[in-house]
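Dear colleague,

Please find below the structure I promised to hand over.

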Amino acid sequence: MSDILKVSIQPLVESDLDEVMAIEKQTFKTYWPSTAFLNEISNNRLAFYFAARHENVLVGYTGIWVVLDEAHITTIAVHPEYRGKKIGDQLLFHLMTFASSKGARWATLEVRESNLSAQNLYKKYGFISVGIRKNYYMEESENAVIMWAGNLRGENFKLKLQKLKESLEKGESNLQEMQQT
Ligand SMILES: CC(C)(COP(=O)(O)OP(=O)(O)OC[C@H]1O[C@@H](n2cnc3c(N)ncnc32)[C@H](O)[C@@H]1OP(=O)(O)O)[C@@H](O)C(=O)NCCC(=O)NCCS
């Protein structure tokens with residue numbers, strides 16, 4: 001297990017977007033324009049985005065749509081210089097706890113077949129691969145793996161989150177502070 005870098009997680013706001021775009025451009029071959037993020041946080045009532053900060057530096061962000069009992073993770077990214085420090089873990093913990101609190105019973109996402117780091121992260125939170133979307137990433141002719149996690153409001157999932165929380169806390173994270181945000 002790698003060392004943890006404690007982050008504070010807050011809803012993403014417009015003034016975060018320059019830092020988000022800096023990470024976005026370094027991370028994704030086909031990246032979202034800042035107008036897409038702005039539209040999500042300003043106009044989409046079903047969308048919820050969060051930024052992780054360490055010492056006032058925006059080090060990661062994530063987003064989700066929650067439609068009735070279904071959640072769809074739209075993005076997650078950590079600044080390249082801050083990866084491997086459990087920031088993705090803290091973001092996904094926050095997102096899954098949030099989705100469950102909004103009434104989501106299951107969650108889904110697409111991830112590149114080659115992106116094993118992200119797939120491993122999702123698996124920690126109970127996601128399993130349920131299918132393939134052929135050539136979903138058309139520029140590189142790469143397939144997407146569709147991942148799915150169910151029963152988010154069941155006892156097993158609550159226990160899983162509790163264990164993940166304890167494991168993050170053992171890494172001296174400050175989840176209590178994080179969850180108050
Ligand atoms: C995927 C990503 C968000 C993970 O964030 P991170 O802060 O670096 O990851 P963490 O340190 O929180 O690691 C959490 C878990 O992810 C998995 N993981 C992270 N990096 C990994 C790597 N290099 N190899 C294998 N698994 C890895 C592990 O399961 C890890 O848990 P563990 O430490 O208990 O083994 C980050 O690598 C990233 O921004 N990647 C580029 C953007 C991206 O691919 N987003 C997903 C789009 S679907």
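The notes below cover the sheet, the helix contacts and the surroundings of the ligand. Please bear in mind throughout that this is a predicted model.

I begin with the sheet. Seven strands form an open sheet with mixed pairing, in the order E1-E2-E3-E4-E5-E7-E6. Its edges are strand E1 (8-11) and strand E6 (128-137), each of which pairs on one side only. On average, neighbouring strands of this sheet are turned by 25 degrees against each other, direction ignored. Within the sheet, strand E2 (residues 47-54) and strand E3 (residues 57-67) run antiparallel and are joined by eight bridges. Trp-65 in E3 has Ala-47 standing opposite.

H3 lies across E1, E2, E3, E4 and strand E5 (106-112), and runs at about 30 degrees to E3.

Two helix pairs deserve a description of their own. In general, two packed helices are described by the angle between their axes and the distance between the axes.

For H3 and helix H5 (residues 155-170), the axes come within 11 Å and cross at roughly 150 degrees. Because angles over 145 degrees count as roughly antiparallel, H3 is roughly antiparallel to H5. H3 passes H5 in a left-handed crossing. On the H3 side, the contact is made by Asp-89, Gln-90, Phe-93, Met-96 and Thr-97, and on the H5 side by Leu-161, Leu-164, Lys-165 and Leu-168. By class, this contact of H3 with H5 has five nonpolar, two polar and two charged residues.

The second pair is helix H1 (residues 17-27) with helix H2 (residues 34-43), whose axes come within 10 Å and cross at roughly 130 degrees. H1 and H2 are therefore oblique to each other. The crossing of H1 past H2 is right-handed. Here Leu-17, Val-20 and Met-21 in H1 meet Ser-34, Phe-37 and Leu-38 in H2. The contact of H1 with H2 comprises five nonpolar residues, one polar residue and no charged residues.

Finally, I turn to the ligand. It is surrounded by 21 residues, of which the closest are Arg-83, Gly-88, Asp-89, Asn-120 and Leu-121. Strand E4 (70-78), helix H3 (87-101) and helix H4 (116-124) are the elements that give two or more residues to this shell. H4 provides the largest share, six residues. By class, the shell around the ligand holds nine nonpolar, seven polar and five charged residues.

With kind regards

Key
Residues are numbered from 1 along each chain as its sequence is written. This is a predicted model: local features need pLDDT of at least 70, side-chain atom pairs count only at pLDDT 80 or more; totals for chains, interfaces and linings use all residues. A residue is near a molecule or strand if its C-beta atom, placed from the backbone, lies within 6 Å of it. Helices (H or I, at least four residues) and strands (E, at least two) are DSSP runs, numbered from the N terminus. Ala, Val, Leu, Ile, Met, Phe, Trp, Tyr, Cys and Pro count as nonpolar, Asp, Glu, Lys and Arg as charged, and the others, Gly among them, as polar. Axes are lines fitted to C-alpha atoms, for helices over the stretch in contact, and angles run from 0 to 180 degrees between N-to-C directions. Angles under 35 degrees count as roughly parallel, over 145 as roughly antiparallel, 65 to 115 as roughly perpendicular and the rest as oblique. A crossing is left-handed if the near helix is turned anticlockwise from the far one by less than a right angle, and right-handed if clockwise. Two residues are in contact if their C-beta atoms, placed from the backbone, lie within 7 Å. Two strands pair if DSSP finds at least two bridges between them.
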